[in-house]
Amino acid sequence: MSTTTSTTCNIGPMIADSARLGLGYAERMLKGITADQFARLATVQGQTIQSNHPAFIYGHLSLYPCRIVEALGGDASSITPTEAYLQKFDHNAQCVDDPEGTIYPAMDEITERFFTSHRLAIEALEQADDSQFTVINPNEAMRAKFATVGSLHGFYLGGHVMMHIGQLSAWRRMMGLGPA
């Protein structure tokens with residue numbers, strides 16, 4: 001079997017398949033979570049558990065898709081996080097309990113940003129030429145772990161999402177919501 005096309009589009013759709021799986025998992029995990037629980041740390045038998053709550057998880061994960069869209073030459077202006085989002089959800093930010101709902105944005109806002117940004121990143125992946133994924137990762141801090149743009153994007157939309165949604169699965173159980 002031979003191909004004669006000068007461009008190929010195989011890598012992006014492969015990464016997108018994993019991203020879609022994570023997106024579906026993230027959607028299922030919202031089942032039964034109320035807006036007043038969304039930014040709350042879990043409490044088990046009167047003990048508050050310091051772990052990431054849904055507001056932090058979805059807000060944090062909404063920061064990364066713009067990087068993928070930009071790296072693949074797309075317009076990420078509609079999904080680029082605000083400075084407030086960066087301050088609250090950056091990898092260096094600490095997840096805090098928000099019983100009054102005054103620290104984090106509302107559940108609907110955060111989840112809308114999460115799903116919109118991830119869908120746009122998936123579209124960008126599916127349209128990108130394979131050559132865009134094989135270039136050296138320009139993010140020097142991450143290059144030792146992810147040598148190419150493709151490996152970095154695969155992490156951002158695969159392992160990174162699943163890792164944090166796994167935290168949400170544990171949070172659900174601590175909150176008595178069970179699996180979704």
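A residue counts as buried at under 20% relative accessible area, as exposed at over 50% and as partly exposed in between (1.4 Å probe, protein chains only). This model is predicted, so local features need pLDDT of at least 70 and side-chain atom pairs count only at pLDDT 80 or more, whereas totals for chains, interfaces and linings use all residues. Residues are numbered from 1 along each chain as its sequence is written, and side-chain values use heavy atoms, with hydrogens and water left out.

**View 1. Buried residues of helix 5.** Helices are DSSP runs (H or I, at least four residues), numbered from the N terminus. In helix 5, M107, I110, T111, F114, F115, S117, H118, A121, I122, A124 and L125 are buried. They pack against helix 1, helix 2, helix 3, helix 4 and helix 7.

**View 2. Surroundings of I110.** Contact means heavy atoms within 4.5 Å. Leaving aside neighbours within four places in sequence, I110 is in contact with F38, A55, Y58, G59, Y85, F89, Y104 and P105.

**View 3. Helix 2 beside helix 7.** The axes (lines fitted to C-alpha atoms over the stretch in contact, with angles from 0 to 180 degrees between N-to-C directions) of helix 2 (residues 54-61) and helix 7 (residues 149-174) come within 10 Å and cross at roughly 170°. Helix 2 is therefore roughly antiparallel to helix 7 (an angle over 145 degrees). Among the residues making the contact are Y58 of helix 2 and I165 of helix 7.

Note on methods:
Helices (H or I, at least four residues) and strands (E, at least two) are DSSP runs, numbered from the N terminus. Angles under 35 degrees count as roughly parallel, over 145 as roughly antiparallel, 65 to 115 as roughly perpendicular and the rest as oblique.
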